[in-house]
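Hello,

I am passing a structure on to you, with some notes on what turned up in it. Please open it alongside this email.

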Amino acid sequence: MSTEPRAHASGSSGPAEPSPPILHVDMDAFFASVELLSHPELAGKPVIVGGRSGRAVVTSATYEARAFGVHSAMPVGAALRLCPKAVVLEPHMQLYRDYSRQVMAIFRSVTPHVEPLSIDEAFLDVAGARRLLGESDEIARRLRAQVFAETGLPCSVGVAPTKFMAKLASGRAKPDGMLVIRPSEVLAYLHPLPVRALWGVGGSTAERLERLGLRTVGDIAETPLDALIRTVGAASGEKLHELALGIDTRQVLPPSQEKSVGHERTFDVDERSPEVLRRELLDQSNRVAVRLRAAGLVGKTVALKLRFADFTTISRSRTLSEPTDLGRRIYDEISAVFDAVGTRGDAIRLIGVRVEQLSEAGGTVHQPSLWADETVPSEGWHDAERTIDRVTARFGTDIVRPASLVNAPRSGETAERNGTRR
């Protein structure tokens with residue numbers, strides 16, 4: 001991992017042209033880069049982030065490992081056959097979320113127009129920030145330096161007139177680089193690229209286009225629209241035609257409020273024990289509650305997800321009388337849902353807890369309880385769980401846990417936080 005941001009590249013050689021307004025920032029090998037902060041001795045070596053069970057897959061890999069053909073979603077065993085000298089590190093999802101929040105906060109310090117695409121990449125519209133901060137390429141250069149200075153993590157940035165071109169540019173700039181494509185350069189940069197460079201062109205679509213002799217983006221730009229529509233359909237044909245001409249009218253849109261917050265776990269070995277499953281539900285309920293409170297949200301519906309050994313998947317939910325951000329309340333309800341399902345010792349492959357119908361915590365109006373003694377435990381548990389939040393924020397997520405979870409091992413965990421998809 002480089003210690004200094006790499007100099008940016010730009011095809012501009014003539015008089016200064018106003019810089020384009022759209023940035024696409026992509027963290028480089030994000031999970032692996034975060035792990036290297038704790039393992040600096042592994043810098044420059046092939047590193048794979050993934051579990052060690054037979055079902056484990058690669059969640060991230062350094063560029064040194066990628067050079068051997070290792071990629072995300074590949075079984076770890078297959079990755080090690082390609083790169084036997086790679087070091088495998090266990091993933092730490094909470095740590096990645098923490099760094100993601102820090103990185104996104106840096107983006108929002110530049111402009112409020114930030115559209116996250118995932119935990120490690122986002123679009124930024126800096127049109128309104130240029131008067132104060134300078135041209136877009138200077139903003140991008142400073143942003144990369146700030147991200148590295150505050151987190152130690154490298155990122156690549158594409159600067160372009162449209163979202164499509166900005167994402168294309170950041171991919172070409174990797175790793176740890178920057179590429180500026182100005183409006184006058186778009187077609188010259190775009191047209192020599194293979195058709196697979198266009199969004200929406202997968203293997204089968206590319207084969208249909210190539211059978212017609214359309215091998216580059218320029219070929220598509222020169223093809224009559226009706227011929228494209230006959231080949232790939234109306235919607236795809238029109239979209240490919242526009243992209244090939246450098247047209248992309250989509251705006252950078254900050255996300256709406258999350259639709260749900262959840263956690264789920266795939267077991268290394270299918271689990272039958274009700275006690276183990278209940279411990280898992282308790283742990284997940286508390287983790288979901290922590291994330292709700294951190295986001296200032298409460299939820300009114302709790303949902304249980306179960307995937308059985310034959311991959312049959314069910315989801316059952318229950319709506320509360322009042323929204324909550326309490327782990328204890330979430331667990332009480334999800335436990336009741338679990339009892340109602342009645343697994344009867346069936347082998348469970350995956351189990352998950354999700355809270356839906358989210359709203360701002362401060363905007364929730366609490367109805368007075370009909371029973372005086374109901375309010376006291378609620379207030380006490382709120383205080384207790386918020387105290388735990390402060391302790392875990394300082395010392396780590398698992399430093400304080402319910403007694404039944406103290407000796408319970410954890411492995412193979414994945415997490416979800418579903419936001420509005422546009």
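How many aromatic pairs does the structure hold? There are 3 aromatic pairs; rings of Phe, Tyr and Trp (its six-membered ring) pair if their centres lie within 6.5 Å, and planes under 30 degrees apart count as stacked, over 60 as edge-to-face and the rest as tilted. In one of them, Phe30 and Phe31 have ring centres 5.9 Å apart and planes at 50°, so this pair is tilted. Phe31 also forms a stacked pair with Tyr96, at 4.1 Å centre to centre and 10° between the planes. Phe31 lies in helix α1 (residues 30-38) and Tyr96 in helix α4 (residues 93-110), so their pair ties together parts that are 65 residues apart in sequence. Helices (H or I, at least four residues) and strands (E, at least two) are DSSP runs, numbered from the N terminus. Ring pairs link Phe30, Phe31 and Tyr96 into a cluster.

Before the next residue, a word on the model: it is predicted, local features need pLDDT of at least 70, side-chain atom pairs count only at pLDDT 80 or more, and totals for chains, interfaces and linings use all residues. Residues are numbered from 1 along each chain as its sequence is written, and side-chain values use heavy atoms, with hydrogens and water left out.

Now look at Thr162, in the loop between β8 (155-160) and α7 (163-173). Thr162 counts as buried because its relative accessibility is 9% (buried means under 20% relative accessible area, exposed over 50%, partly exposed in between, with a 1.4 Å probe and protein chains only).

Happy exploring!
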